[in-house]
Amino acid sequence: MANMNTSGFWPTVSRIILRNRIFILVLLAAITVALGTQWKHMRFTYTEANLLPDDHEVNITYNKFLDIFGEEGNLIVLAVKDPALFTVRNFNAWNKLSKQFNAVPEIDLVVSVNNLKKLVADRDKETFVLEDLVQTTPKTADEVSKIKKELFEKLPFYESLLYNKESGTLRTAVYMDKAIVNTSVRKNFVFNELIPLIESFEQETGLDVRVSGMPYVRTLNAQNIVDEIGLFVGGALLVTSFIFFFFFRSFRATFISMVVVMIGVMWAFGILGLLKYEITVLTALIPPLIIVIGIPNCIFLINKYQQEVKKHGNQAKSLQRVISKIGNATLMTNLTTASGFATFILTKSQLLKEFGIVASINIVVIFILSLLIIPIIYSFMSLPKYKHLKHLNKQWIGKFVGWMEHVVRNHKIGIYTVSLVLLIASIIGIYQIKISGSLIEDMPKSAAFFDDIRFFEEEFDGIMPLEVMIDTKRKNGVMKLSTLRRMDDLERLIEEIPELSKTISVTGLVKYSKQAYYNGKPKYYQLPSSQENNFILSYAKKSSDSADLLNSFVDSTGQVARITTFMRDIGTEKMEDIEETLWTKINKVFPTERYDVSLTGKALLFLKGTKYLINNLVISLSLAIFLIALFMAYMFRSFRMIIISLIPNLLPLLITAGMMGYLGVPIKPSTILVFSIAFGISVDDTIHFLAKYRQELQANRWKITKSVYAALKETGVSMFYTSIVLFFGFSVFMISSFGGTVALGGLVSATLLFAMLSNLLLLPCLLLSLEKSIANKKILKKPPIQILPKEDKDVKVDQEG
């Protein structure tokens, strides 16, 4: 295969493309239509991003919990903090609202003042019965006041679940059908039933209803992501086309580029549908990524075409040279970019794997589309006019390249000093980076539902469920008084932790049973003594109502219990401290030979997933560096050249990581992608520069200095163009309302800017400084792939093309 690709392969490809241009256009149109039919299979994910592999022990524990108790994230909460709620008119409207929710088929249960049950001891039948708190519709203020007083002062079981005693906030708990909470039905319910009913209540009463809970938050957050896909695609097209036109001053060049990337976006959506992948917070980024990554291909190809036209004015020769001379270089750069994304495929996280597969496929696709469409469309057009080629002579670009040459020639020590200072400062910054495992941190802060999350954190200590599952290892072991006391001991600790809410468990029900036995007196809301336990249990056993209540807290065998608490949005370190505190207590209170205890829940799952993702980041980035080093080794056959090529690409990554530390941007699922994306893209500039450098070395008889400056002049303009497009293209993500997406856009943009300067200043300096060690031809062996063909060989042109 040694030299086939320069002397024969790419010229052959160029002839095939230009001879069969009609057929290729028809084929591309057919594929586009076929992939368009797959759009109907695209669907947005209705579950949280599960960052852990299926066989991870945290996932296994969570799935075991779901098998026993069902979906735990099915609670929607509504609350009003306003004394005006307790007027007769408003109070009855609030009760009517809960009845309307109860009538909706998607709702399993509504717990509200309207249908609240009191546990009462029936002395005659020696059993517990449930009585309605509100037995008739209140008609006077006194009746409402009496209901409020009984709820707030005599029913501690419902405190934190339905009311905040201190602030007077009243809450309604709406439990969705567990079977539909992770399906599209949830979205229809939230938008078509829940929100209209709440808005109607607000208009009728003038009260402000706060709404939250994971199904509600997830639905609105998901809708925001869907809405932003269009925003990103439109923004990326607008920004890249504007910059492209600014550089080329040609409507048709801009139009051709936009056609290429828009077809690329259509294919990206089609491939997502074809593979039946859900649109997640990561895969939603792929269409705008394709635009931003595809434009540099267009710049290299169109720039080369215009240079060739300016040189000899022969269209057919120019088009064939574009393919045969730029084909290898753009293929290599796209493969390195794709490999940066493809490393995610090797992780065990399904979320990352799907992102890696779709992104890497589409990067190769956009290369193929660019290589086919641009020469073919130009072959049907007249030669570019002089005004379209004027940008090649722009004085300011010449001055920029001249400035780079001047800096490299006269300030090598300065470049090394600045690089070293930045490296040291970055390493210091890296040690300040924090990890974030927060479920809601990246949600749009300006959204009304985010304010509501904060409201419920303030009033009820959070909305994110954290579950403790206790397996007593024996049937009916939960209801033994020794187990209940151990659970109560743990619950007291949980309630002392400010970031966690009051617990909901079977112990509360048992305490309520004792209170009911003693005629509902609140001071008896406590666990029974050994003696009391016997006759209270005898009452409970005869009560079908108590059995129904138990189902939510204990499994059908009475062996496994759950303790539910809700947590605030807290940092990873704080969450780990809380987890450690809980485990210390659990290990002390529940002997392992008698109890099997586990912590689970959505919040913990996301935290563990983030930590797992960070470990995968190290693996995927290391793999990306290794793969790209292999590319370099294969292309340049020189170990020194591998080291030289990696230094200017690793430095920008370290600078970005340091910036994250100084700016307080945490490592989280969204920002984790920055490094692999930026490395895969920034190394493209290195390949272009080193490919041109090798070509100049051969032309200038291995004179390093002359070759470095010639390569700098030749590639500087294209590298500047592409880097500016990439910088502003990724900056589009900063218009997002999601904090993580903003950080991703800003950090990748900054990294690519640093990478451009590093490749244009540090890389030439390294080559010049190592002149003696790499001047020998034996160091730079003849490569198996001639990335750029020799300039003096023209290809015979088929005039039909």
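The chat below goes through a predicted model of a protein, from overall make-up to single residues.

Student: What are we looking at, and how are residues numbered?
Tutor: This is a predicted model, in which local features need pLDDT of at least 70 and side-chain atom pairs count only at pLDDT 80 or more, while totals for chains, interfaces and linings use all residues. Residues are numbered from 1 along each chain as its sequence is written, and side-chain values use heavy atoms, with hydrogens and water left out.

Student: How many helices and strands are in the protein?
Tutor: The protein has 26 helices and 11 strands. Helices (H or I, at least four residues) and strands (E, at least two) are DSSP runs, numbered from the N terminus.

Student: What share of the residues is buried?
Tutor: Of the 801 residues, 59% are buried. Buried means under 20% relative accessible area, exposed over 50%, and partly exposed in between, with a 1.4 Å probe and protein chains only.

Student: Sheets next. What is the strand order in the four-stranded one?
Tutor: The order is 3-6-2-7, in an open sheet with antiparallel pairing. Two strands pair if DSSP finds at least two bridges between them.

Student: Which strands stand at the edges?
Tutor: Strand 3 (107-111) and strand 7 (210-212) do; each has a single partner strand, so one side of each is left without a neighbour in the sheet. The twist averages 15 degrees from one strand to the next. Axes are lines fitted to C-alpha atoms, for helices over the stretch in contact, and angles run from 0 to 180 degrees between N-to-C directions.

Student: How many bridges hold strand 3 to strand 6?
Tutor: Four, in the antiparallel sense, with strand 6 covering residues 170-176. Val 111 has Ala 173 of strand 6 as its bridge partner.

Student: Which helix packs on that sheet?
Tutor: Helix 6 (residues 184-205) touches strand 2 (75-80), strand 3, strand 6 and strand 7, and its direction makes about 15 degrees with that of strand 2. Helix 7 (residues 214-248) also packs on the sheet, touching strand 2, strand 6 and strand 7, at about 95 degrees to strand 2.

Student: Is strand 2 buried or exposed?
Tutor: Six of the six residues of strand 2 are buried. Leu 75, Val 77 and Ala 79 lie on one side, and Ile 76, Leu 78 and Val 80 on the other.

Student: What does strand 2 pair with?
Tutor: Strand 2 pairs antiparallel with strand 6 over six bridges, and Leu 75 has Tyr 175 as its partner there. Three bridges join strand 2 to strand 7, also antiparallel, where Leu 78 is partnered by Val 211.

Student: What is the order in the three-stranded sheet?
Tutor: That open sheet runs 10-9-11, with antiparallel pairing. Strand 10 (560-567) and strand 11 (596-600) are at the edges with a single partner strand each, so one side of each has no neighbour in the sheet. Strand 9 (residues 464-471) is joined to strand 11 by five bridges, and Asp 471 has Asp 596 of strand 11 as its bridge partner. Helix 3 (residues 57-69) packs on the sheet, touching strand 9, strand 10 and strand 11, at about 80 degrees to strand 9.

Student: Changing topic: how do helix 9 and helix 11 pack?
Tutor: Helix 9 (residues 286-312) and helix 11 (residues 350-379) pack at about 30 degrees, with their axes 9 Å apart.

Student: Where does Ile 614 lie?
Tutor: Ile 614 lies in helix 21 (residues 602-636) and is buried, with a relative accessible area of 15%. Not counting residues up to four places away in sequence, Ile 614 touches Ile 435, Ile 667 and Ile 672. The C-alpha atoms of Ile 614 and Ile 672 are separated by 7.0 Å, at 58 residues apart along the chain.

Student: And where is Gln 38 found?
Tutor: Gln 38 is in the loop between helix 2 (21-36) and strand 1 (43-44). Gln 38 is buried, with a relative accessible area of 16%.

Key
Contact = heavy atoms within 4.5 Å.
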